[in-house]
Amino acid sequence: MITLAYARHLWAYTAWAHVRVFQALESVATSPSPRFGQMVGLMSHVVRAEEVWLARIRQEPSSGRPLWPEDPLPSVRERAEASQAAWTAFLDSAAPHALTETVAYTNTRGHPFTSVLSDIVVHVAHHGTHHRGQVLTLLRADGHTPPALDYIYYTRRSA
C-alpha cells in the first residue's frame, strides 16, 4: 500500500516525464519520420487511459472512449495537461484513507472489476512509464537523442 504523499509524488514524476516527452516530440515534429505518428499515438493512448481511469474512479461513464485515437500532437499535449491537472486535483483533495478504498468499474470489454485505489494509481503511473519508454525507443531508432526520464533524474532535479 502506498501513502497519499507518495501517490502525489509519483504523479508529479509522471507529469514531469510527460512534459519532457512532449518537448522531444515537438522538437522533431518539423521533420517527422514515418514512426512519428506511432509516437504521438502512444502518448495519446497514455492520456486516454489516464482519462478513462480517472472517470472510473469518479464513477463517471468511461465506456465508448477510444483508447487508441489518432489525434494530432497539439491536441494530445493539451489533453495531457488537462489530465495531469485533473489527477493532481483529485489526489490533492483525496482524504487520507482514500487509497485504501475499493473502486468498482467496468473494463473496456464490459467486464466488471474492483480494484483498490492505490493499485489503480500505481497502474496508471507504470502504464505511462511503459509507453513513454516505447516512444523513447522510437525516437532513438529515428536518430534522435531521447530525453532522460529515469525516476532518479527526477528525484535529483526536485531535491
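Trainee: Leaving aside its neighbours within four places in sequence, which residues is Arg48 in contact with?

Mentor: This is a predicted model, with residues numbered from 1 along each chain as its sequence is written. Local features need pLDDT of at least 70 and side-chain atom pairs count only at pLDDT 80 or more, while totals for chains, interfaces and linings use all residues; side-chain values use heavy atoms, with hydrogens and water left out. Arg48 is found in helix α2 (residues 36-57), helices being DSSP runs of H or I, at least four residues, and strands runs of E, at least two, numbered from the N terminus. With contact meaning heavy atoms within 4.5 Å, and leaving aside those sequence neighbours, Arg48 is in contact with Pro66, Leu67, Pro69, Asp71 and Arg79.

Trainee: And is Arg48 buried or exposed?

Mentor: Its relative accessible area is 15%. Buried means under 20%, exposed over 50%, and partly exposed in between (1.4 Å probe, protein chains only). So Arg48 is buried.

Trainee: At what angle do α1 and α3 pack?

Mentor: Take helix α1 (residues 4-28) and helix α3 (residues 73-93), whose axes are 10 Å apart. Axes are lines fitted to C-alpha atoms, for helices over the stretch in contact, with angles from 0 to 180 degrees between N-to-C directions. The two helices are roughly antiparallel, a label for angles over 145 degrees. Their angle is about 170°.

Trainee: How many residues of that contact are nonpolar?

Mentor: Among those meeting are Trp11 and Phe22 in α1, and Trp87 and Leu91 in α3. Nonpolar covers Ala, Val, Leu, Ile, Met, Phe, Trp, Tyr, Cys and Pro; Asp, Glu, Lys and Arg are charged, and the others, Gly among them, polar. Four are charged, five are polar, and the nonpolar ones come to 12.

Trainee: In what order do the elements of the protein chain run?

Mentor: There are five helices and two strands. From the N terminus on, the elements run α-α-α-β-β-α-α.

Conventions: Parallel < 35°, antiparallel > 145°, perpendicular 65-115°, else oblique.
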